[in-house]
Amino acid sequence: MNNTNNINRRNFLKLIGYCTCGLAIPSCSTVPITERRQLSLLPESYINRHAFRLYENVKKKTKLSEDKITLDEIKEVGRRIEESVSAYFESTNQKDPTYNFQWEYILIDNDKIKNAWCLPGGKIAVYTGILEITDNIHGLAAVMGHEIAHAVAKHSIERASRSLVLNIGTTAADIASGGAISRTSRATGVDVAGMLRTFGIDNPFGRKQESEADYLGLIFSSLAGYDIRESVKVWQRMQKSFKGQEIPEWMSTHPSSAKRITSLSNWIPEIIVQYPPIRKIM
Ligand SMILES: [Zn+2]
């Protein structure tokens with residue numbers, strides 16, 4: 001890591017704040033590139049197994065789009081980001097955080113939902129509703145880069161680990177009640193919406209994780225050869241599309257779109273210089 005990189009990373013950490021989980025705790029891990037320390041109590045294999053099962057359920061229970069051209073476009077953007085992420089970590093002699101990913105892409109036919117997500121282990125979904133916001137492949141790369149960054153930075157593990165800590169009270173109550181709470185949730189069957197929430201899909205991740213995904217997303221899209229300046233336009237289009245309407249919860253919370261646009265604009269010039277396309281794209 002050269003000096004400029006270091007300064008950039010330090011600025012990033014200063015902006016989002018340092019991890020509060022202290023030093024030398026074995027249940028902590030470190031986010032690649034930003035080097036933010038995060039709580040990590042659950043094994044990745046466990047989280048991924050659940051995510052893969054959930055993804056299969058989503059594929060069964062939602063209407064998938066028949067627009068093959070757009071799906072191919074999504075897969076192509078994804079493939080370039082996948083390869084660039086792996087090539088980047090290889091070139092810097094770091095362990096590739098995606099070595100155990102099983103990348104997969106679906107396009108969900110729902111024009112009302114302006115969203116996309118990436119489950120742990122690289123299971124990605126784009127809703128047709130966000131296509132008017134992404135507008136072009138660079139915009140699509142901005143959104144997908146952000147979602148992939150959540151998975152690369154293992155934000156779901158961090159989130160699940162935190163809720164595990166917070167849910168110790170519930171678990172204790174469950175034991176006291178003879179398992180009635182878990183019996184009830186078992187009886188309700190597979191609740192796709194609820195499970196998506198657990199992975200932080202329907203709900204925004206915390207402020208730090210969102211900023212981190214914005215930052216890493218720009219890096220990954222830039223490495224993959226996309227024009228990352230489009231990310232600002234994506235957020236402007238997003239703001240415009242919700243003008244006068246209620247902003248959905250997943251995007252209304254911290255950081256605000258305006259703040260997000262400011263951060264992105266600040267990072268873009270540095271990232272273009274420090275993380276140029278890692279291989280020639282087409
Ligand atoms: Zn996000």
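**Notes on the predicted model**

1. Helix 11 (residues 230-241) packs against helix 13 at an angle of about 170 degrees, and their axes are 9 Å apart. Helix 11 is therefore roughly antiparallel to helix 13. The residues in contact are Ser-231, Val-232, Trp-235, Gln-236 and Gln-239 of helix 11 and Ser-257, Ala-258, Arg-260, Ile-261, Leu-264, Ser-265 and Ile-268 of helix 13. By class, this contact of helix 11 with helix 13 has 6 nonpolar, 5 polar and 1 charged residues.

2. The model is predicted, so local features need pLDDT of at least 70 and side-chain atom pairs count only at pLDDT 80 or more, while totals for chains, interfaces and linings use all residues. Residues are numbered from 1 along each chain as its sequence is written, and side-chain values use heavy atoms, with hydrogens and water left out.

3. The terms used above are as follows. Helices (H or I, at least four residues) and strands (E, at least two) are DSSP runs, numbered from the N terminus. Axes are lines fitted to C-alpha atoms, for helices over the stretch in contact, and angles run from 0 to 180 degrees between N-to-C directions. Angles under 35 degrees count as roughly parallel, over 145 as roughly antiparallel, 65 to 115 as roughly perpendicular and the rest as oblique. Contact means heavy atoms within 4.5 Å. Ala, Val, Leu, Ile, Met, Phe, Trp, Tyr, Cys and Pro count as nonpolar, Asp, Glu, Lys and Arg as charged, and the others, Gly among them, as polar.

4. Helix 13 (residues 257-274) also packs with helix 10, at an angle of about 35 degrees and with the axes 10 Å apart. Glu-210, Ser-211, Asp-214, Tyr-215, Leu-218, Ile-219 and Ser-222 of helix 10 meet Arg-260, Leu-264, Trp-267, Ile-268, Ile-271 and Ile-272 of helix 13. This contact of helix 10 with helix 13 divides into 8 nonpolar, 2 polar and 3 charged residues.

5. Helix 10 deserves a point of its own. Of its 17 residues, 15 are buried (under 20% relative accessible area; exposed is over 50% and partly exposed in between, with a 1.4 Å probe and protein chains only). The end C-alpha atoms of helix 10 are 24 Å apart, in agreement with the 24 Å that its 17 residues should span at 1.5 Å a residue (the expected span is 1.5 Å times one less than the number of residues). Just after helix 10, Gly-225 has a positive phi of about 90 degrees.

6. Ser-222 belongs to helix 10 (residues 207-223). Ser-222 is buried, with a relative accessible area of 5%. Apart from neighbours within four places in sequence, Ser-222 is in contact with Ile-228, Ile-271, Ile-272, Tyr-275, Pro-276 and Pro-277.

7. Helix 3 (residues 68-91) and helix 5 (residues 137-152) pack at about 50 degrees, with axes 10 Å apart, and are therefore oblique to each other. Helix 3 passes helix 5 in a right-handed crossing. The residues that meet include Val-77 and Ile-81 in helix 3 and Leu-140 and Met-144 in helix 5. The contact of helix 3 with helix 5 has 10 nonpolar, 2 polar and 1 charged residues.

8. Where does Ala-153 lie? Ala-153 is in the loop between helix 5 and helix 6 (155-166), and Ala-153 is buried, with a relative accessible area of 0%. Ala-153 and Thr-30 are 123 residues apart in sequence and 8.5 Å apart in space, C-alpha to C-alpha. Beyond neighbours within four places in sequence, Ala-153 is in contact with Val-31, Gln-38, Glu-212 and Leu-216.

9. The loop between strand 1 (28-30) and strand 2 (37-39) contains Ile-33, whose phi is near 75 degrees, a positive value in a residue other than glycine. Ile-33 is buried, with a relative accessible area of 6%. Glu-35 is found in the loop between strand 1 and strand 2 and has a positive phi of about 60 degrees, although it is not a glycine. Glu-35 is partly exposed, with a relative accessible area of 36%.

10. Buried residues make up 49% of the 282 residues.

Terms used:
A crossing is left-handed if the near helix is turned anticlockwise from the far one by less than a right angle, and right-handed if clockwise.
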